[in-house]
Amino acid sequence: MVAQQQTNASLSIAEKNLPVRGGKRLNAAQTDLVSKIRGFLKDAREAAQVADWARARSLSKKAQVLSEALVTSL
């Protein structure tokens, strides 16, 4: 249950950190980061659907960490 809660928390944070196309232009590195974050989010959700919470937690945490790095680079 803890892994499920951690997964959901990380997913939520990562999604909030993704830039909403609010006029800010992303450079190539930032665009690449967004792509990686979206990939981790997708994979984490797929792992969660089959109740692989350890994998889902790991992937969602990666998405969260990358999204926080993205926010600091904006």
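Q: Is Lys-42 buried, partly exposed or exposed in this predicted model?
A: The model is a predicted one. Lys-42 has a relative accessibility of 48%. Buried means under 20% and exposed means over 50%, with partly exposed in between. Lys-42 therefore counts as partly exposed.

Q: Which residue does Lys-42 meet in a salt bridge?
A: Side chains of opposite charge can pair when their charged atoms come close. For the side chain of Lys-42, the N to O distance in the salt bridge is 3.0 Å. The partner of Lys-42 is Glu-46.

Q: How many salt bridges does the structure hold?
A: Lys-42 and Glu-46 form one of them. Another joins Asp-32 and Lys-36, and Glu-15 pairs with Arg-45. The structure holds three.

Q: What distance separates the closest N and O atoms of Asp-32 and Lys-36?
A: Asp-32 and Lys-36 are four residues apart in helix H2, so about one helical turn separates them. A salt bridge needs a side-chain nitrogen within 4 Å of a carboxyl oxygen. The closest N and O atoms of Asp-32 and Lys-36 are apart by 3.1 Å.

Q: Are Asp-32 and Lys-36 buried, partly exposed or exposed?
A: Asp-32 has a relative accessible area of 39%, which makes Asp-32 partly exposed. Lys-36 has a relative accessibility of 44% and also counts as partly exposed.

Q: Which helices does the pair Glu-15 and Arg-45 tie together?
A: Glu-15 forms a salt bridge with Arg-45, and their closest N and O atoms are 1.8 Å apart. Glu-15 lies in residues 2-17 and Arg-45 in residues 28-49, so the pair ties together parts that are 30 residues apart in sequence. The helices are H1 and H2.

Q: Where is Ala-51, the residue with phi near 60°?
A: The phi of Ala-51 is a positive value in a residue other than glycine. Ala-51 is partly exposed, with a relative accessible area of 49%. Its place is in the loop between H2 and helix H3 (53-73).

Conventions. Residues numbered from 1 in each chain as written. Predicted model: local features only at pLDDT ≥ 70, side-chain atom pairs only at ≥ 80, totals over all residues. Heavy atoms only, no water. Helix = DSSP H or I, 4+ residues; strand = E, 2+ residues; numbered from the N terminus. Buried < 20%, exposed > 50% of the residue type's maximum accessible area, 1.4 Å probe, protein only.
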